[in-house]
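Subject: Structure handover

Hi,

Here is the structure I promised to pass on. Please open it alongside this note.

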Amino acid sequence: MASSAVEPKILTLLMVVQDGKVLLGYKKRGFGEGMWNGFGGKVEPGETPTEGALRELREEACIDATDATERGVVTFVYDDKPRPMQVHIFHASQFTGVPTETDEMRPAWFDLEAVPFDKMWPDDELWYPMFLAGKKFSGTFWFTNTTTIVRHELREVESLE
Ligand SMILES: Nc1[nH]c(=O)nc2c1ncn2[C@H]1C[C@H](O)[C@@H](COP(=O)(O)OP(=O)(O)OP(=O)(O)O)O1
């Protein structure tokens, strides 16, 4: 490879928003344990981010989103991780199945006026307003000590291409 830049890991995050509520999961294990977040994880070889997002939603919450659309691409740079995480963020409002607790996540609905930002990744409070307003966005957050933001860039974009 000509570039010496570290390739990011590609991950997904999907939030279902329906009837003035957002479906989040309490992360029971792994990276982000103890926080509420959307559903997601690593995109597997041969998968598109959309396919990965739908698979992770099924694996973690036992539901299938039927209208997922990509809304944001955000890169997280952690000073204690060798590779940045490039997270593709999806919105869905329709799904089949019943949200069900799994080994990884405990799902719950939150009113959009009561999203539990104090128990979520600190960047979420910054990009959720754009996400919930139906905008597309792109950005990078640099972290120290895993959860402290030292710098960030975030902007609305016309297209994610
Ligand atoms: N700063 C951040 N803000 C946010 O909202 N979500 C973040 C985040 N940093 C990471 N995530 C998300 C992306 C992805 O959905 C999830 C991490 O992926 P995984 O669940 O695959 O991680 P794990 O370490 O649990 O993986 P496995 O060990 O493979 O299960 O956390």
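First, some ground rules. This is a predicted model, in which local features need pLDDT of at least 70 and side-chain atom pairs count only at pLDDT 80 or more, while totals for chains, interfaces and linings use all residues. Residues are numbered from 1 along each chain as its sequence is written, and side-chain values use heavy atoms, leaving out hydrogens and water.

The ligand is surrounded by 19 residues (a heavy atom within 4 Å); the closest are Thr 12, Lys 27, Lys 42, Tyr 78 and Asp 124. Of the shell residues, nine are nonpolar, five polar (Gly counts here) and five charged (Asp, Glu, Lys and Arg).

For a polar backbone atom of Phe 31, the distance to a ligand oxygen is 3.3 Å. Taken alone, the ligand exposes 640 Å², and the protein buries 81% of that (Shrake-Rupley, 1.4 Å probe).

Strand S1 (9-18), strand S5 (69-78) and helix H2 (124-132) each give two or more residues to the shell. S1 gives the most, with three (DSSP runs: helices of at least four residues, strands of at least two).

Finally, an unreviewed UniProt entry annotates residues 5-133 as "domain: Nudix hydrolase"; such annotations may be inferred rather than shown by experiment.

Best wishes

Definitions and conventions: A polar contact is a pair of N or O atoms within 3.5 Å; within protein, one must be able to donate a hydrogen and the other to accept it, and residues adjacent in sequence count only if both atoms are side-chain atoms.
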